[in-house]
Amino acid sequence: MLRSRTKLIELGKRQLCRSMCKSSELTLVEVDDKTGIATLTMNKPPVNSCNLEFLRALKSAMKEIESNKCSGIILTSSNDKVFSSGLDLNELRQPNPERLATFWKELQEMWVTLYLSNVPTAAAINGHALAVGCVMAAACEYRVMLPDFTIGIHATKFGYVVPPFIVNTYLSVLPHPVVERALLQGKIFSTQEALQINLIDEVVNSKDEALCKCADFIGSFEQTNPVARALTKRQLRAPFAKQLLEDPETELRESLEYINTPLFQESLDQYLLQLKKKNKK
Ligand SMILES: CCCCC/C=C\CCC/C=C/CC(=O)SCCNC(=O)CCNC(=O)[C@H](O)C(C)(C)COP(=O)(O)OP(=O)(O)OC[C@H]1O[C@@H](n2cnc3c(N)ncnc32)[C@H](O)[C@@H]1OP(=O)(O)O
């Protein structure tokens, strides 16, 4: 009882000393004056689907947080049911070639920025995290999730080949056989299933609790040297990012080619129809 009261007081304090750092329409950044932890809230209605502008806003918010020497990043969502629904599929449908190339480059850069961030990163998953939404959470160092939501990469279910950097994000969190089965089945996990396979670290009952856990995780590095920590993290993660760091053009070319195939475009049309139909029922 006493412990939970102390926790609540602690939570209150944390909320009080939070100050706004910088926000755009699509992202909101709040920095805790005491801890230096930045909470980056995704705010693209209705479901945080990643279009070009949103990917740009996310990347620029992360870079700004790093350059302000914040002590860590907590990634979360302003929507209390959806963390992120992944890529905005409208960006991939009958695309304008120039915009698609810019979009895909932004995706690559946003991923590299988050995956190799110098500061500790944690995801407070307060809603469904699908496809690239799951990838963003998995690119963080720590994940805590609310019950009764879903998380996973279901690309193969609707006819998409999974790009290598997405495979690699899973591989840096989960063992190879688990990744293989999950990606080939296009498996979407419930919160409880995600905990069982260690795709997430903990389950909590509220967003505030999720933010608190993430702050505690980031605080656990207080006694480490930030430069040594960042370089060690980079060393551990570089093999998974090697391909994108050394040759982003090949990944870009292969993805654009694939997105422009009739096979991809047809399955995308069908999938988008299904998504819209669901809402008309
Ligand atoms: C060898 C080289 C290979 C290279 C391969 C290259 C390319 C392959 C590309 C593969 C990459 C995939 C990564 C992705 O991230 S694809 C995105 C996949 N995401 C999804 O499938 C999520 C779909 N959404 C949902 O399941 C649900 O929306 C939800 C997230 C569970 C939320 O449900 P709910 O709260 O009920 O909201 P609605 O369903 O009503 O959605 C509201 C509104 O938003 C539209 N919408 C939802 N998600 C997306 C999206 N990802 N993109 C675009 N639009 C989306 C939905 O249609 C609704 O619109 P209307 O209000 O107009 O009906």
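This is a predicted model: local features need pLDDT of at least 70, side-chain atom pairs count only at pLDDT 80 or more; totals for chains, interfaces and linings use all residues.
**Entry 1**

Residues are numbered from 1 along each chain as its sequence is written.

I then looked up how β8 (residues 142–145) is joined to its partners, taking two strands as paired if DSSP finds at least two bridges between them. β8 and β11 (residues 202–203) run parallel and are joined by 2 bridges, and β6 and β8, also parallel, are joined by 4 bridges. On the other partner of β6 that I checked, strand β4 (residues 72–77), the pairing is again in the parallel sense, over 3 bridges.

Next I asked which residues of β8 are buried, and on which side. I call a residue buried if 20 or more other C-beta atoms lie within 10 Å of its own, exposed if 12 or fewer, and partly exposed in between, with C-beta atoms placed from the backbone. Y142 and V144 are buried on one side and R143 and M145 on the other, which leaves both faces of the strand covered. In a regular strand the side chains alternate between the two faces of the sheet. For β6 I found 5 of its 5 residues buried, with T121, A123 and I125 pointing one way and A122 and A124 the other.

**Entry 2: A123**

Leaving aside neighbours within four places in sequence, I list L75, A137, C140 and R143 as its contacts, a contact being two residues whose C-beta atoms, placed from the backbone, lie within 7 Å. I also checked I37, which is 86 residues from A123 along the chain, and the two C-alpha atoms are separated by 13 Å.

**Entry 3: helix α6**

I looked up the buried residues of helix α6 (residues 176–185) and found V179, A182 and L183. Seen down the axis of α6, these fall within an arc of 90° (the arc of the directions from the helix axis to the C-beta atoms), so they line one face of the helix. What covers them includes β9 (150–152) and α5 (164–171), whereas the face turned away from the buried side carries the exposed residues P177, R181, L184 and Q185. Just after α6 I noted that G186 takes a positive phi of about 65°.

**Entry 4: loops and backbone angles**

I recorded a cis peptide bond between P45 and P46, with omega of about 0°; P46 has its place in the loop between β3 (37–42) and α2. Phi of K69 is near 55°, a positive value in a residue other than glycine, and K69 is found in the loop between α2 and β4. K69 is exposed because 10 other C-beta atoms lie within 10 Å. Q94, in the loop between β5 (82–84) and α3 (97–115), also has a positive phi, near 35°, and Q94 is exposed, with 10 other C-beta atoms within 10 Å.

**Entry 5: the ligand**

How many residues surround the ligand? I find 26, and the closest are S85, G86, L87, A131 and V132; a residue is near a molecule if its C-beta atom, placed from the backbone, lies within 6 Å of it. β7 (128–130), α10 (248–259) and α11 (262–280) each supply at least two residues of this shell, and the largest share, 4 residues, comes from α10. By class I note 15 nonpolar, 7 polar and 4 charged residues, where Ala, Val, Leu, Ile, Met, Phe, Trp, Tyr, Cys and Pro count as nonpolar, Asp, Glu, Lys and Arg as charged, and the others, Gly among them, as polar.

**Entry 6: confidence**

Finally I noted that the chain averages a pLDDT of 92, and that 91% of the residues score at least 70, pLDDT being the predictor's confidence in each residue, from 0 to 100. Over residues 1–18 pLDDT stays under 50, and the model has 9 contacts beyond four places in sequence for them. For the complex, the predictor gives an ipTM of 0.96 and a pTM of 0.93.
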